[in-house]
Amino acid sequence: MSKLFGRRVLLRPLEVNDFGGWQEVRRRNQDWLTQWEPQRLSGAPDVVEDRVAFANRCSARQRERQRGSGHSFGIFVDHMFAGEINLNSIQRGPFQSCYVGYWIDEALAGNGYMPEALVVVARFAFEELRLHRIQVAIVPRNTASRRVVEKLELRDEGTAVRYLEINGVWEDHVRYGLTVEEWNERSDELVGEWISGHR
């Protein structure tokens, strides 16, 4: 199983045995999170309440890793589940790009764990997967998520109108990008500040 290490965070794929910790965090953060997520499909099992559905979700993520189309990680702080960060829709060919999505327990927000996790997965995307570009798309009023990319000074590429369905509404998204050329220029600075601890 692939594990990625930051200074304070551990990233690894979720397993069925993580269900209890995942469920506790998701239940406690329902209002904090669901306003920024796609609506659950009608009739689909509730992954938060159904262990079998969670197991199926873990299996689907494992198949994505095997196919090379996605890499999903649970974020762990002090050995406790804290959130998730995912490299989604990996495309090869001339694009060599993916989308990054993330969320964290509201109780841990604002402590720099998510920027650290984003630097960890950026290093993985560029140095291990050899991607050329990553993109983070965020609803403009989601100030907590935008603070993450702004702390890392990711490039604002403008607003995509009605870009994704979020909680039943087609929402605009601000798109932030980072290319491997930018990573090569800034990796020492980003790794030093967020992973090595040279802040």
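Which residues does Gly6 touch, not counting residues up to four places away in sequence? Gly6 touches Glu116, Val120 and Ile195, where contact means heavy atoms within 4.5 Å. This is a predicted model, in which local features need pLDDT of at least 70, side-chain atom pairs count only at pLDDT 80 or more, and totals for chains, interfaces and linings use all residues. Residues are numbered from 1 along each chain as its sequence is written, and side-chain values use heavy atoms, with hydrogens and water left out.

**Gly6**

- Gly6 sits in the loop between strand S1 (4-5) and strand S2 (9-12). Strands (E, at least two residues) and helices (H or I, at least four) are DSSP runs, numbered from the N terminus.
- Gly6 and Leu178 are 172 residues apart along the chain, and their C-alpha atoms are separated by 19 Å.

**Cavities**

- Rolling a probe the size of a water molecule over the atoms shows where empty space is left.
- Two cavities of 30 Å³ or more turn up in a search of the whole structure. A cavity is a set of points, on a 1 Å grid over the protein atoms alone, where a 1.4 Å probe fits but cannot get out; lining residues have an atom within 4 Å of a point.
- A volume is the space filled by probe spheres set on the points, with grid points joined across faces, edges and corners.

**Largest cavity**

- The volume of the largest cavity is about 70 Å³.
- Its lining consists of Pro13, Leu14, Arg57, Cys58, Arg61, Arg65, Ser72, Phe73, Gly74, Glu84 and Asn86.
- At least two lining residues come from each of helix H3 (51-67), strand S3 (71-77) and strand S4 (80-91). H3 supplies the largest share, four residues.
- By class, the lining of the largest cavity has four nonpolar, three polar and four charged residues. Here Ala, Val, Leu, Ile, Met, Phe, Trp, Tyr, Cys and Pro count as nonpolar, Asp, Glu, Lys and Arg as charged, and the others, Gly among them, as polar.

**Second largest cavity**

- The second largest cavity holds about 40 Å³ of space.
- Leu118, Val119, Ala122, Ile134, Leu152, Leu154, Leu178, Trp183 and Leu190 line the second largest cavity. Helix H4 (113-128) and helix H6 (180-194) are the elements that give two or more residues to this lining.
- H4 gives the most, with three residues.
- This lining has nine nonpolar, no polar and no charged residues.

**H4 against H6**

- Two packed helices are described by the angle between their axes and the distance between the axes.
- H4 and H6 pack at about 140 degrees, with axes 10 Å apart. Axes are lines fitted to C-alpha atoms, for helices over the stretch in contact, and angles run from 0 to 180 degrees between N-to-C directions.
- H4 is therefore oblique to H6; angles under 35 degrees count as roughly parallel, over 145 as roughly antiparallel, 65 to 115 as roughly perpendicular and the rest as oblique.
- In H4, Pro115, Glu116, Val119, Ala122, Arg123, Phe126 and Glu127 meet Val180, Trp183, Leu190, Val191 and Trp194 in H6. The residues of this contact divide into nine nonpolar, no polar and three charged.

**H4 against H5**

- The axes of H4 and helix H5 (residues 143-151) come within 9 Å and cross at roughly 55 degrees. That angle makes H4 oblique to H5.
- Met114, Pro115 and Leu118 in H4 meet Val148, Val149 and Lys151 in H5. This contact has five nonpolar, no polar and one charged residues.

How values were computed:
On a 1 Å grid over the protein atoms alone, a cavity is a set of points where a 1.4 Å probe fits but cannot get out, and a pocket is an open set with protein on both sides within 12 Å along at least five of seven lines; lining residues have an atom within 4 Å of a point.
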